[in-house]
Amino acid sequence: MQSGFKACWSPASPLSPGSLRLPECGHTRERCPSPMRGYLIPSPLPTRRSRTCSAAARAAEGPVYTGVCKCFSRAKGHGFITPSDGGSDVFVHISDIEGEYVPVEGDEVSYKLCSIPPKMEKVQAVEVTITHLAPGSKHETWSGHVISS
């Protein structure tokens, strides 16, 4: 039975590390130009959607802290806040940013704390609000408009 099908692999091929190459079938597949390609995403990702109702309620009832944005990457979807009272930096996820501006280094922020699963040993900032924009820096809105402060 002859058909137009050309075999790309045969079971008689040796399976050595040097022979583990993509078959040359004459067609190539286009790769998806995803902007997230190359970034490792932690699992489970502590987002607003994956947080339990009880954890969200505990965070909402907690005290409000202040700090300064140490760094934030919109492309990666997270950043860190340096607390005003000292201590180690606090993780912040993009889903927990309130308001219309993307935080940049030097912005003063207010936030609440919520523990990160599964061990609940570390905390992350939730309900993050920019209280004062860093002077002399350009800020971007979530829709992409850029303003100078």
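This note goes through the structure point by point, from the whole chain down to single residues.

1. Basis of the note. This is a predicted model, in which local features need pLDDT of at least 70 and side-chain atom pairs count only at pLDDT 80 or more, while totals for chains, interfaces and linings use all residues. Residues are numbered from 1 along each chain as its sequence is written, and side-chain values use heavy atoms, with hydrogens and water left out.

2. Elements. The protein chain holds one helix and eight strands. Both kinds are DSSP runs numbered from the N terminus, a helix being H or I with at least four residues and a strand being E with at least two. Read from the N terminus, the order is α-β-β-β-β-β-β-β-β.

3. Surface and contacts. The chain has 149 residues, of which 24% are buried. Buried here means under 20% relative accessible area, exposed means over 50%, and partly exposed lies in between (1.4 Å probe, protein chains only). The accessible surface comes to about 11000 Å², and carbon and sulfur atoms account for 58% of that surface. These areas come from the Shrake-Rupley method with a 1.4 Å probe; for residues, only the protein chains shown count as cover. A contact means heavy atoms within 4.5 Å. Of the contacts between residues at least 6 apart in sequence, 54% join residues at least 24 apart.

4. Strand 1 and its partners. Strand 1 (residues 65-73) runs antiparallel to strand 5 (residues 108-115), and four bridges join the two. Strands are taken as paired if DSSP finds at least two bridges between them. Val68 has Glu108 as its bridge partner in strand 5, and Gly67 has Val109. The hairpin of strand 1 and strand 2 has four residues between the strands, and in it Gly77 takes a positive phi near 90°.

5. Strand 5 and strand 6. Seven bridges join strand 5 to strand 6, and these two strands run antiparallel. Val109 stands opposite Ile130 in strand 6. Val109 is also the bridge partner of Gly67.

6. The core. Which residues make up the largest nonpolar core? There are twelve: Cys69, Phe72, Ile81, Val90, Val92, Ile97, Val102, Val109, Tyr111, Ala125, Val128 and Ile130. Strand 1, strand 3, strand 5 and strand 6 (123-132) each supply at least two residues of this core. The largest share, three residues, comes from strand 6. A nonpolar core is a set of buried Ala, Val, Leu, Ile, Met, Phe, Trp, Tyr and Cys residues joined through side-chain atoms within 4.5 Å. Ile97 touches Phe72, Val92, Pro103, Val128 and Trp142, leaving aside residues up to four places away in sequence.

7. Aromatic pairs. The count comes to two aromatic pairs. In one of them, Phe80 and Phe91 have ring centres 5.9 Å apart and planes at 70°, so the pair is edge-to-face. Phe80 is in strand 2 and Phe91 in strand 3 (residues 90-93), eleven residues apart. The rule takes rings of Phe, Tyr and Trp (its six-membered ring) with centres within 6.5 Å; planes under 30 degrees apart count as stacked, over 60 as edge-to-face and the rest as tilted. Phe80 is partly exposed at 30% relative accessibility, whereas Phe91 is buried at 15%.

8. Leu113. This residue lies in strand 5 and is partly exposed, at 28% relative accessibility. Leu113 and Val64 are 49 residues apart in sequence, with their C-alpha atoms 8.1 Å apart. Not counting residues up to four places away in sequence, Leu113 touches Ala59, Tyr65, Val90, Val123, Gln124, Ala125 and Val126.

9. Asp96. Is Asp96 buried or exposed? Asp96 is buried, at 1% relative accessibility. It is found in the loop between strand 3 and strand 4 (97-98). A polar contact of 2.9 Å joins the side chains of Asp96 and Gln124. Such a contact is a pair of N or O atoms within 3.5 Å; within protein, one must be able to donate a hydrogen and the other to accept it, and residues adjacent in sequence count only if both atoms are side-chain atoms.

10. Glu127. Most residues other than glycine have a negative phi. Glu127, however, has a positive phi near 50°. Glu127 is in strand 6 and is partly exposed, with a relative accessible area of 33%.
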